[in-house]
Amino acid sequence: PHDELYLLDLFLNNWASTPANKLGVDFELYSTYEDALAGTNGWTYCNYDDKNVGFPRDCGPTGWAGNNWNSYFSNNASANHHGFYVEKP
């Protein structure tokens, strides 16, 4: 279906706000695993919807944190030696 969330593309290439991908509504981000477990110090800022720009775009713990994204499509980007960890609720 058109409105399915495709996690691989979302994380690697196209960090989008839809479908169902908004910080504080659909997911939470934390700087450490310990904070995530405790539900403390969650990130408060996230932006989206820049074609060929992957997770986490310019999202940050307390505000804009530029150039933290990755992309496998952009000629100006490199996406090597990284990992993403998602814990299912």
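Residues are numbered from 1 along each chain as its sequence is written, and side-chain values use heavy atoms, with hydrogens and water left out. Since the model is predicted, local features need pLDDT of at least 70 and side-chain atom pairs count only at pLDDT 80 or more, while totals for chains, interfaces and linings use all residues.

Start with the overall picture. The protein chain has two helices and zero strands, where helices (H or I, at least four residues) and strands (E, at least two) are DSSP runs numbered from the N terminus. Of its 89 residues, 34% are buried; here buried means under 20% relative accessible area, exposed over 50%, and partly exposed in between, with a 1.4 Å probe and protein chains only. The accessible surface comes to about 6400 Å², and carbon and sulfur atoms own 52% of that (Shrake-Rupley method, 1.4 Å probe; for residues, only the protein chains shown count as cover). As for contacts (heavy atoms within 4.5 Å), 37% of those with a separation of 6 or more involve residues 24 or more positions apart.

The largest nonpolar core has 12 residues: Leu10, Phe11, Trp15, Ala16, Leu23, Phe27, Leu29, Trp43, Cys46, Tyr48, Phe55 and Cys59. Such a core is a set of buried Ala, Val, Leu, Ile, Met, Phe, Trp, Tyr and Cys residues joined through side-chain atoms within 4.5 Å. Leucine 23, one of its members, sits in the loop between α1 and α2 and is buried because its relative accessibility is 18%. Neighbours within four places in sequence aside, leucine 23 contacts Glu28, Leu29, Trp43, Thr44, Tyr45, Cys46 and Tyr48. Its C-alpha atom is separated by 8.2 Å from that of tryptophan 43, 20 residues apart along the chain. Tyrosine 48, with residues up to four places away not counted, touches Trp15, Ala16, Ser17, Asn21, Lys22, Leu23, Phe27 and Arg57.

Then there is the largest pocket, with about 900 Å³ of space. On a 1 Å grid over the protein atoms alone, a pocket is an open set of points where a 1.4 Å probe fits, with protein on both sides within 12 Å along at least five of seven lines, and lining residues have an atom within 4 Å of a point. Points are joined across faces, edges and corners, and the volume is the space filled by probe spheres set on them. The lining counts 27 residues, with Glu28, Leu29, Tyr85, Val86 and Glu87 closest to the pocket centre. Both α1 (7–12) and α2 (33–38) supply at least two lining residues each. By type, the lining splits into 19 nonpolar, four polar and four charged residues (nonpolar: Ala, Val, Leu, Ile, Met, Phe, Trp, Tyr, Cys and Pro; charged: Asp, Glu, Lys and Arg; polar: the others, Gly among them).

Finally, the backbone. Most residues other than glycine have a negative phi, and most peptide bonds are trans. The bond from threonine 18 to proline 19 is cis, with omega near -5°, and proline 19 lies in the loop between α1 and α2. Another cis bond runs from phenylalanine 55 to proline 56, with omega near -10°; proline 56 belongs to the segment after α2. Asparagine 41 has a positive phi of about 60°, lies in the segment after α2 and counts as exposed at 56% relative accessibility. Asparagine 67 has a positive phi near 60°; this residue is in the segment after α2 and is exposed, with a relative accessible area of 65%.
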